[in-house]
Amino acid sequence: MLNEYNITMMNWILALIGLALYFIGRYAKRRNKTKFNLSFWLRDNWPEGVTSILATVALMVIFLDEGAVFDFDSVFENVPFIKSLPTDKFISLVIGYLNSFIFYNLMKLKK
């Protein structure tokens with residue numbers, strides 16, 4: 001049986017996985033197919049990465065607050081397979097991925 005701490009940790013892990021999935025996808029689609037260089041990648045992408053991480057942390061804090069009530073039933077009611085998914089965990093993954101997508105693209109527009 002999972003306690004509240006374990007459920008909260010799973011949500012945070014899923015949000016981090018969402019962040020990682022986005023940046024791995026961006027790396028796979030890069031134009032210059034050179035060998036991976038972590039220091040270059042961090043230098044080139046640190047503003048987007050830090051902004052994405054901070055925005056994800058902020059949204060997860062709001063999402064996981066005990067007083068926050070989110071009703072996703074109306075969003076997913078017409079999609080039959082989603083009724084069996086744990087929506088809070090799904091939303092944690094989406095928060096991580098979409099924040100990365102939004103803030104990465106916003107930061108690239110400024111360059």
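The questions and answers below go from the overall chain to single residues.

Q: What kind of model is this, and how are its residues numbered?
A: This is a predicted model, in which local features need pLDDT of at least 70, side-chain atom pairs count only at pLDDT 80 or more, and totals for chains, interfaces and linings use all residues. Residues are numbered from 1 along each chain as its sequence is written, and side-chain values use heavy atoms, with hydrogens and water left out.

Q: How many helices and strands does the protein chain have?
A: The protein chain has four helices and zero strands. Helices (H or I, at least four residues) and strands (E, at least two) are DSSP runs, numbered from the N terminus. Read from that end, the elements run α-α-α-α. The C-alpha atoms fill a box of roughly 45 × 30 × 30 Å along the principal axes.

Q: Why is T56 called buried?
A: Buried means under 20% relative accessible area, exposed over 50%, and partly exposed in between (1.4 Å probe, protein chains only). T56 has 2% relative accessibility, so T56 counts as buried. T56 sits in helix α2, which covers residues 38–63. Of the 111 residues of the protein chain, 23% count as buried.

Q: Which residues is T56 in contact with, leaving aside its neighbours within four places in sequence?
A: They are A15, L19, I95, G96 and N99. Contact means heavy atoms within 4.5 Å. Under the same exclusion of neighbours, A15 is in contact with T56, M60, S92, L93 and G96.

Q: What makes up the largest nonpolar core?
A: Six residues make up this core: A15, M60, F63, F76, I91 and I95. A nonpolar core is a set of buried Ala, Val, Leu, Ile, Met, Phe, Trp, Tyr and Cys residues joined through side-chain atoms within 4.5 Å. The elements that give two or more residues to it are α2 and α4.

Q: Why is Y5 called exposed?
A: Y5 has a relative accessible area of 57%, so Y5 falls in the exposed class. Y5 belongs to helix α1.

Q: What makes the nonpolar surface patch?
A: Y5, M9, I13, I17, L21, Y97, L98, F101, I102, L106 and L109 make a patch of about 1,100 Å². Like charges are joined within 9 Å, and nonpolar side chains (Val, Leu, Ile, Met, Phe, Trp, Tyr) within 5 Å. Helices α1 (4–28) and α4 (87–110) each supply at least two residues, and α4 gives the largest share, six residues.

Q: How many aromatic pairs does a search of the whole structure find?
A: The search finds five aromatic pairs. One of them joins Y22 and F101, with 6.0 Å centre to centre and 85 degrees between the planes, and is edge-to-face. Rings of Phe, Tyr and Trp (its six-membered ring) pair if their centres lie within 6.5 Å; planes under 30 degrees apart count as stacked, over 60 as edge-to-face and the rest as tilted.

Q: Why does the Y22 and F101 pair tie together parts that are apart in sequence?
A: Y22 lies in helix α1 and F101 in helix α4, so the pair ties together parts that are 79 residues apart in sequence. Y22 is buried at 5% relative accessibility, whereas F101, at 40%, is partly exposed.

Q: Is I7 buried or partly exposed?
A: I7 has a relative accessible area of 23%, so I7 is partly exposed. I7 is placed in helix α1. Leaving aside its neighbours within four places in sequence, I7 is in contact with L2, D88 and K89.

Conventions:
Patches are made of residues with over 30% relative accessible area and no salt bridge: like charges are joined within 9 Å, nonpolar side chains (Val, Leu, Ile, Met, Phe, Trp, Tyr) within 5 Å. Accessible areas come from the Shrake-Rupley method with a 1.4 Å probe; for residues, only the protein chains shown count as cover. A salt bridge is a side-chain nitrogen of Lys or Arg within 4 Å of a carboxyl oxygen of Asp or Glu.
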